[in-house]
Amino acid sequence: MLELPIKKINLKEASKVESGLTSGHRMCRGCGAAILGRQATIAAKMLDTEVVLVNATGCLEVASTIYPYNAWTMPWIHNAFENASATASGAEAAFKVLEKKGKIAKKPKMIIFGGDGGTYDIGFQSLSGAIERGHDFLYICYNNGAYMNTGIQRSGGTPLGAATTTSPGGTVVPGKPQFQKDLLQIMWAHDIPIATGSVAYPKDLMEKVQSLLEHQGPAFMLVDAVCTLGWKVEDDSAIRLSKLAIETGIFPLMRAYKDNWELSNPSKRLMLRPESKLPITEYMKTQGRFKHLFKPQINQELIDHFQSVVDEKWERLVAKVRSE
């Protein structure tokens, strides 16, 4: 079994808690990262402890704190792209000293928010170092699949075949030619609790946030965050696409600590058997960023490769779960 507390969220009670991210910010309509910000901060507020937020530069930071306004109602620190984990490390160390000296009653918990650019790429060194030092925080990466804040450039979290401004989709360049970095496996190799979460299933996500926050030491959560602008989808598509990512096996819901792995099944309609997964084309054909792959002049090879990698990763995940 997982060596983590199993939290249970009452959604009726959660609905009465004010989010730490207020309305009136300038995130795009239907933004997955904004939905995550609300769900995660509600979960944090339901715990009997103070929580400090650290936010790497990115969509969630830029659009929520346009000077002179700030949409956050909790203690909140802004950092550059690359140093969110370093900033959190220093703050957490300072809180330890203040607690030891009796200047504060209890050291607050910390949540770091970072996008895929600030986590998979630019901020990875800072994150890995902070984990190695054992600082007490929950790092939540919202992966919207590109550097959406700076012009939709490809990142280490951009999926295979997706069109971005630096990996355009066409007959010459069929979108991004590489599969995205397997960040979860990298985080697991740090020997810390890890989990995935989906805004389509708030109860599951919020319970994981609370469990990981109560762990003493570093923990990591990866969240699939639909970007309506970069993915070229409708404003009301975040929940539907988040569910499709799960049902196709592209983004399984899971959590793990050490060698203990669990698959989450927050919906009875979610089939976890490999043979029951939907084909990835059901997910891809709904998004403009993959539109070029379905044109007659583009062959099926890249889509088939994408499917084979998803299937392989799914089989490996299921094998880890079954080994328990």
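**Where is the place of Lys 232?** The place of Lys 232 is in the loop between helix H9 (228–231) and helix H10 (238–247). The model shown in these views is predicted.

**View 1. Lys 232 has a positive phi.** Phi of Lys 232 is near 60 degrees. That is a positive value in a residue other than glycine. Lys 232 is exposed, with a relative accessible area of 56%. Exposed is the word here because the value is over 50%.

**View 2. Asp 191 also has a positive phi.** Phi of Asp 191 is about 65 degrees, and the residue is not a glycine. Asp 191 lies in a loop that runs between helix H7 (183–188) and strand S5 (194–198). Its relative accessible area is 45%, so Asp 191 counts as partly exposed.

**View 3. A cis peptide bond joins Tyr 67 and Pro 68.** Look at the bond between these two residues. Omega is about 5 degrees there. Pro 68 is placed in the loop between helix H3 (59–62) and strand S2 (76–78).

**View 4. The structure holds 1 cavity of 30 Å³ or more.** The largest cavity has a volume of about 90 Å³. Its lining is made of 14 residues. Nearest its centre lie Gly 58, Cys 59, Phe 81, Ala 146 and Met 148. Helix H5 (residues 116–121) gives the largest share of the lining, 3 residues. By type, the lining residues of this cavity divide into 6 nonpolar, 7 polar and 1 charged.

View 5. A disulfide is a covalent bond between the sulfur atoms of two cysteines. A search of the whole structure finds 0 disulfides. Cys 31 is in no disulfide, and the nearest cysteine sulfur, that of Cys 28, is 6.4 Å away. Cys 31 counts as buried, at 13% relative accessibility. Now turn to Cys 141. A disulfide needs the two sulfur atoms within 2.5 Å. Cys 141 also counts as buried, at 0% relative accessibility.

**View 6. Tyr 139 and Phe 220 form a stacked pair.** A pair of aromatic rings is described by the distance of the centres and the angle of the planes. The count of aromatic pairs comes to 7. In the pair of Tyr 139 and Phe 220, the ring centres are 5.9 Å apart. The planes stand at 20 degrees, so the pair is stacked. Stacked means that the planes are under 30 degrees apart. This pair links distant parts of the chain, as the two residues are 81 residues apart. Tyr 139 is in strand S4 (residues 138–143), and Phe 220 is in strand S6 (residues 219–224). Tyr 139 is buried, with a relative accessible area of 1%. Phe 220 counts as buried too, at 0% relative accessibility.

**View 7. Three aromatic residues form one cluster.** The members are Trp 72, Trp 76 and Phe 113.

**View 8. Charged ends sit over the rings of Trp 231 and Trp 188.** Over the ring of Trp 231 sits the charged end of Arg 289, 3.8 Å from the ring centre. Over the ring of Trp 188 sits the charged end of Lys 320, at 4.2 Å from the ring centre.

How values were computed:
Residues are numbered from 1 along each chain as its sequence is written. This is a predicted model: local features need pLDDT of at least 70, side-chain atom pairs count only at pLDDT 80 or more; totals for chains, interfaces and linings use all residues. Side-chain values use heavy atoms; hydrogens and water are left out. On a 1 Å grid over the protein atoms alone, a cavity is a set of points where a 1.4 Å probe fits but cannot get out, and a pocket is an open set with protein on both sides within 12 Å along at least five of seven lines; lining residues have an atom within 4 Å of a point. Grid points are joined across faces, edges and corners, and a volume is the space filled by probe spheres set on the points. Helices (H or I, at least four residues) and strands (E, at least two) are DSSP runs, numbered from the N terminus. Ala, Val, Leu, Ile, Met, Phe, Trp, Tyr, Cys and Pro count as nonpolar, Asp, Glu, Lys and Arg as charged, and the others, Gly among them, as polar. Buried means under 20% relative accessible area, exposed over 50%, partly exposed in between (1.4 Å probe, protein chains only). Rings of Phe, Tyr and Trp (its six-membered ring) pair if their centres lie within 6.5 Å; planes under 30 degrees apart count as stacked, over 60 as edge-to-face and the rest as tilted. A charge sits over a ring if NZ of Lys or CZ of Arg is within 6 Å of the ring centre and within 35 degrees of the ring normal.
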